[in-house]
Amino acid sequence: MSFSPKSKVWVYQSDREFTAAEVQAIEQKLQDFTSQWKAHGHQLDAKAEVIYNFFIVFTVDEATANVTGCSIDSSVRLVKEIEQEFNVDLFNRFNMAYVADNKIIALNKEDFETLISIKKIGPQTIVFNNLVQTLEEFENKWEVPFEKSWHSTVFAHLM
């Protein structure tokens, strides 16, 4: 399935890395969900996947049917079920992730701030902008250097 660059995207970041078995189980749940995901009775052109064992990403191409509040609510319910079943936090937008030594590190805002202030996270450190809203933004602005992300504005006082 190919998706328009304008397709809607939602990114949920886990506070810990999923195991291989968890990824397999979660992706099965996501596939089961997206295969029957509807908005006002119309099947949505959608996919959902686990990326880097940390991120659950939903993509919906609205060319055939628009996402509605009810359909979004149903995806949120699924993510909450995953949270409970796998004992992870997927809704805390103050959890941050960055890349160090080719590994993704997820941590809370306070620890992230500390690493910025002691220069362990710098302008070129790759961070994840989970606020992207379209597939085009996801492909071009999700994994970006700190200096080109919203993080640089919010945490400028620490640089």
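**Sheet and helices**

Guide: An open sheet of 3 strands has the order 1-5-4, with antiparallel pairing. The model is predicted, so local features need pLDDT of at least 70 and side-chain atom pairs count only at pLDDT 80 or more, while totals for chains, interfaces and linings use all residues. Residues are numbered from 1 along each chain, and side-chain values use heavy atoms, without hydrogens and water.

Visitor: What makes strand 4 and strand 5 a pair?

Guide: Two strands pair if DSSP finds at least two bridges between them. Strand 4 (residues 45–51) and strand 5 (residues 55–61) are joined by 7 bridges, so they pair, and they run antiparallel. A46 stands opposite V60, and V50 opposite I56. Strands here are DSSP runs (E, at least two), as are helices (H or I, at least four residues), numbered from the N terminus.

Visitor: Which are the edge strands, and why?

Guide: Strand 1 (8–13) and strand 4 are the edge strands; each pairs on one side only.

Visitor: Why is helix 1 called roughly antiparallel to helix 2?

Guide: Helix 1 (residues 20–36) and helix 2 (residues 69–86) pack at about 160°. Angles run from 0 to 180 degrees between N-to-C directions, with axes fitted to C-alpha atoms, for helices over the stretch in contact (heavy atoms within 4.5 Å). Under 35 degrees counts as roughly parallel, over 145 as roughly antiparallel, 65 to 115 as roughly perpendicular and the rest as oblique. Therefore helix 1 is roughly antiparallel to helix 2.
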